[in-house]
Amino acid sequence: TIEQLKTEAATCNAQVPIFMAHGTMDTVVNPSIAKTAYQNLKQLDYPIEWHQYPMEHSLCLEEIEAISGFINRVF
């Protein structure tokens, strides 16, 4: 929960960029759970990016390219 995150979060991690992606047709992890996690982190001002793709619990080339771009920007 967001309250647990507030109390357990380490301040040293507050500015670490986060890449978060999810498949809109994921049957393993419900997309609404992932979106709620993203919104909670965003509400607490974590530097987070949200990406979603029309796929199940998997990876796609578009996501891999986005991850690559994220890594190149962050590092």
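Analyst: Start with H22, which lies in strand 1, residues 18-23. The model is predicted.

User: Why is H22 called buried?

Analyst: Buried means under 20% relative accessible area. H22 has 10% relative accessibility, so H22 counts as buried.

User: What is H22 in contact with, leaving aside neighbours within four places in sequence?

Analyst: The list is V29, N30, P31, A34, W50, H51, Q52 and Y53.

User: Which residues make up the largest nonpolar core?

Analyst: Seven residues: M20, A34, Y38, L41, Y46, I48 and W50. Helix 2 gives the most, with three residues.

User: What makes a set of residues a nonpolar core?

Analyst: The residues must be buried, of the nonpolar kinds counted, and joined through side-chain atoms within 4.5 Å.

User: What does Y38 touch, not counting residues up to four places away in sequence?

Analyst: Y38 touches M20, I48, E49 and W50.

User: How many salt bridges does the structure hold?

Analyst: Two.

User: What makes K6 and E3 a salt bridge?

Analyst: The cut-off is a nitrogen-to-oxygen distance within 4 Å. The side chains of K6 and E3 meet at 3.4 Å, N to O. The pair therefore meets the definition.

User: Where do K6 and E3 sit relative to each other?

Analyst: They are three residues apart in helix 1 (residues 2-8), so about one helical turn separates them. K6 counts as partly exposed, at 45% relative accessibility. E3 also counts as partly exposed, at 48%.

User: How do you know that E49 and R73 form a salt bridge?

Analyst: Their side chains meet at 2.5 Å, N to O. The limit is 4 Å, so the pair qualifies. E49 lies in strand 2 and R73 in helix 3 (residues 61-74), so the pair ties together parts that are 24 residues apart in sequence.

User: What is phi of D45, and where is D45 placed?

Analyst: Phi is near 65°, a positive value in a residue other than glycine. Most residues other than glycine have a negative phi. D45 is in the loop between helix 2 and strand 2.

User: Is D45 buried or exposed?

Analyst: D45 has a relative accessible area of 62%, so D45 is exposed.

Terms used:
Residues are numbered from 1 along each chain as its sequence is written. This is a predicted model: local features need pLDDT of at least 70, side-chain atom pairs count only at pLDDT 80 or more; totals for chains, interfaces and linings use all residues. Side-chain values use heavy atoms; hydrogens and water are left out. Buried means under 20% relative accessible area, exposed over 50%, partly exposed in between (1.4 Å probe, protein chains only). Helices (H or I, at least four residues) and strands (E, at least two) are DSSP runs, numbered from the N terminus. Contact means heavy atoms within 4.5 Å.
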